[in-house]
Amino acid sequence: MNDPLSELFAVIVDRRENPQETSYTCKLFAGGDNKILKKIGEESAEVVMACKDDDPDAIASEVADLFYHTLVAIAHHHVDLQLVYDKLAQRR
Ligand SMILES: N=c1c2ncn([C@@H]3O[C@H](COP(=O)(O)OP(=O)(O)OP(=O)(O)O)[C@@H](O)[C@H]3O)c2ncn1[C@@H]1O[C@H](COP(=O)(O)O)[C@@H](O)[C@H]1O
């Protein structure tokens, strides 16, 4: 699958398997749940604030940050993105 989320998820999983010193993603993995989940909390709050401000560009930007950090969380827990897609498909 080559949708943008799947492509990003593949890069994130590669960072998990092949750590690189300069990679922000690798710093998140190194920090574990404490670091990753704190970022999800922060980014969620930023999505809420951007929606409260009714600022479409800020909403898109903050949701992109939230998607990225959520993908890092599921990769950290070795959950495949396909499983998320399967859950969505089952709800159709
Ligand atoms: N999509 C993203 C992405 N979205 C958001 N971010 C980072 O998430 C952080 C957002 O948090 P903040 O705004 O709070 O910024 P910050 O102060 O730097 O964050 P903290 O130091 O507080 O954790 C920023 O550092 C962004 O660069 C991302 N970092 C990486 N990616 C992609 O992940 C892949 C791997 O990147 P590397 O890990 O850098 O190799 C590449 O495809 C990148 O494009």
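Which residues are around the ligand? They are Leu8, Val11, Arg15, Ser23, Tyr24, Thr25, Lys39, Asp65 and Tyr68. A residue counts as near a molecule if its C-beta atom, placed from the backbone, lies within 6 Å of it. This is a predicted model: local features need pLDDT of at least 70, side-chain atom pairs count only at pLDDT 80 or more, and totals for chains, interfaces and linings use all residues. Residues are numbered from 1 along each chain as its sequence is written.

**Confidence**
- The chain has a mean pLDDT (the predictor's confidence in each residue, from 0 to 100) of 97.
- In the chain, 99% of residues reach 70 or more.
- The model scores are ipTM 0.91 and pTM 0.95.

**Ligand shell**
- At least two shell residues come from each of α1 (4–17), α2 (24–52) and α3 (56–76).
- Helices are DSSP runs (H or I, at least four residues), numbered from the N terminus.
- The shell holds 4 nonpolar, 2 polar and 3 charged residues.
- Ala, Val, Leu, Ile, Met, Phe, Trp, Tyr, Cys and Pro count as nonpolar, Asp, Glu, Lys and Arg as charged, and the others, Gly among them, as polar.

**α1 against α2**
- The axes (lines fitted to C-alpha atoms over the stretch in contact, with angles from 0 to 180 degrees between N-to-C directions) of α1 and α2 come within 9 Å and cross at roughly 60 degrees.
- Ile12, Arg15 and Arg16 in α1 meet Thr25, Cys26 and Phe29 in α2, where contact means C-beta atoms, placed from the backbone, within 7 Å.
- The residues of this contact are 3 nonpolar, 1 polar and 2 charged.

Key
Contact = placed C-beta atoms within 7 Å.
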